Amino acid sequence: MSQHYQNNQGEQPADPPPHPGNCGERQESLGVPSFPLDFTAVEGNMDSFMAQVKSLAQSLYPCSAQALPHDLRLHLLHNASVTCNDGSPAGYYLKESKGSRRWLLFLEGGWYCFNRENCDTRYDTMRRLMSSKEWPATRVGTGILSSQPEENPHWWNANMVFIPYCSSDVWSGASSKSEKNEYAFMGALIIQEVIKELVGKGLSTAKVLLLAGSSAGGTGVLLNVDRVAEQLEEMGYQGIQVRGLADSGWFLDNKQYRRTDCIDTITCAPTEAIRRGIRYWNGIVPERCKLQFKEGEEWNCFFGYKIYPTLRCPVFVVQWLFDEAQLTVDNVHLTGQPVQEGQWLYIQNLGRELRNTLKDVTASFAPACLSHEIITRNHWTDIQVKGTSLPRALHCWDRSLHESNKNGKAPLKGCPIHLIDSCPWPHCNPSCPTIRDQFTGQEMNVIQFLMHMGFDVQKMAQQQGLEPSKLLGMLSSGN
C-alpha cells in the first residue's frame, strides 16, 4: 500500500495523463478484479468501508508496482559543447516529484585517470565512465535515490537527479577536447550545465538542493557545493538552501603502507595522482580553499579535512573509518592472506587518523567498518553508529538546519548528527555490512574475519589489558 500512496504523492502529474485508462487496462491484463466502492453505508459500517479501501489499494498496487522500476529518465545536455571525455554529450537522469520542493542531485563516483596512458586504458576497460554513447535510457534509484519509503524513509518523495560520471577528473575539470587534448575533462562544467537545465524543470522553486555523491563523487561534492550555491544566487534564486552530502570521498593524504612509484591509478599515492591530474584536467578548486595554499599547491583542496573549513554551505560527511579505496591507494591489499603485524597496525592507525580529522565536522557519520560507499546501497538503512542509523542522522541534520541553527551548536535532543565509532578495529561495529570470504563466498562473523586477517587475540587482549575471553565477548557484541 505504501508504494501505491508513495506514487500518488510523489508523482502527481502536472497535466492529466494521456491515457486515463492505462492503469485499468494493465490491471485487467493482470487478471486483478475491480472493486466498485459503495459509500452509502460508511457511517453504519466503518470496517466494511476500510476493507473496501484496502481492496481498492491492493487492486491498484500492480499498477504502481509496475511504474516503480526504471524511475529515472536520461536527458542528454542541450548544450552539446559540455561533454564526456570522448566528446559525447554529458547528461543526467531525472525523476520529477511535482509535490516536492526538495531536490537531490547525486554525483556518481569511479576513480579517475591522470595521463594519456591510463586514460586510454580506462577508455578500453570502463568506457561508460568516459562516454555517454552506451548509457541506458532509464536507471533505477536505490538507497537515498529510491522512491520507496521503506528504503528511503526521509527523502523518497524528493526530485531525484543522478549525474553519471564521465569526466574522470573527480568532477573538477574545465577543459574541452581539442587538437591538443585527446580527451575533454569537464566535470565542474557538467554540474553547472545540469543546474541550468534543471532550473527550467522546477528547480527554480526548490527550497532545498542536496548535492550528494559517493567516492570520487563525494570528493566532487566538497569541490562543487559552494560553486552551485553561488551559481544559483547569481541566477537570482537566493531562496534555495544548498547543502552537501559527501559519502566515501573524505580521503587522507597519508603515507602509503609501502611506497610505490606512480605508475597507474591504483598504485599512485593519492597526493601525486591529484597533483598530476589537476594539471592534466585543467582542474579548478574553490577560490576560498585555493587562497589557503601557494600557487601549484591546489591539490590540497581535494582532501576533505583541508577544504572543509573553507566551505560556506553545510556539508554532512559519511566515511567508513576503514575505507577500501583509501587502503588500496595506501597499498594495503587484503587478499585473504593473513595480514602482517605491520599492516594491522597501519589499518588501526588509519582509523585513528580518520577519526581525528572528523572531530570538528559538525555533521558526520563514520562507522568502524571495512567498506566503500553507502548512500545508494539498498542496505544503507541498516548501518548504525551509537544506535542511530544514517537516514535518521540525515533527518536530524535536516531538522537542525531547518531550525535555522546554521552551525548546529545546540543539537536537537535525542537527534544526534555527530556520530563516529570509537571502537578500534574494522567491523567492531555489529551493524557493519556482511563480509564474505573472497574465495568461498561464505559469510564471516567479526571474530572469523579478524582471525582470517591474522588477528592475534592473545596479543591484542594483552595490549588492551583484558582477558582473551573478555575481548572475544566484546568483539562479538560489538562493544
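**Strand S8**

I began with the sheet and found that strand S7 (residues 241-247) pairs with S8 in the parallel sense over four bridges; helices (H or I, at least four residues) and strands (E, at least two) are DSSP runs numbered from the N terminus, and two strands pair if DSSP finds at least two bridges between them. The model is predicted: local features need pLDDT of at least 70, side-chain atom pairs count only at pLDDT 80 or more, and totals for chains, interfaces and linings use all residues. Residues are numbered from 1 along each chain as its sequence is written, and side-chain values use heavy atoms, with hydrogens and water left out.

I noted Ala246 opposite Val317 in S8. S8 also pairs with strand S10 (residues 363-366), in the parallel sense over three bridges, and Val318 stands opposite Phe365 there. From S8 (residues 315-318), Val315 and Val317 point one way and Phe316 and Val318 the other way, and all are buried (under 20% relative accessible area; exposed is over 50%, partly exposed in between; 1.4 Å probe, protein chains only).

**Thr219**

I located Thr219 in helix H6 (residues 216-234). With a relative accessible area of 4%, Thr219 is buried. A polar atom of the Thr219 side chain lies 2.9 Å from the backbone oxygen of Gly249. Leaving aside neighbours within four places in sequence, I listed Val170, Gly249, Phe251 and Phe302 in contact with Thr219, contact being heavy atoms within 4.5 Å.

**Helix H7**

I checked the length of H7 (residues 270-281): at 1.5 Å a residue, its 12 residues should span 16 Å, and the end C-alpha atoms are 16 Å apart, which agrees. The expected span is 1.5 Å times one less than the number of residues. Pro270, Ala273, Ile274, Gly277, Ile278 and Trp281 are buried in H7. Seen down the axis, these buried residues fall within an arc of 130°, so they line one face of the helix; the arc is that of the directions from the helix axis to the C-beta atoms. Their cover includes helix H10 (324-329).

**Salt bridges**

I counted 12 salt bridges, each a side-chain nitrogen of Lys or Arg within 4 Å of a carboxyl oxygen of Asp or Glu. Lys133 and Asp86 form one of them (3.7 Å, N to O). Lys133 lies in the loop between helix H4 (116-125) and strand S4 (138-139), and Asp86 in the loop between strand S1 (72-76) and strand S2 (91-95), so the pair ties together parts that are 47 residues apart in sequence. Lys133 is exposed at 62% relative accessibility, whereas Asp86 is buried at 12%.

Definitions and conventions. A polar contact is a pair of N or O atoms within 3.5 Å; within protein, one must be able to donate a hydrogen and the other to accept it, and residues adjacent in sequence count only if both atoms are side-chain atoms.
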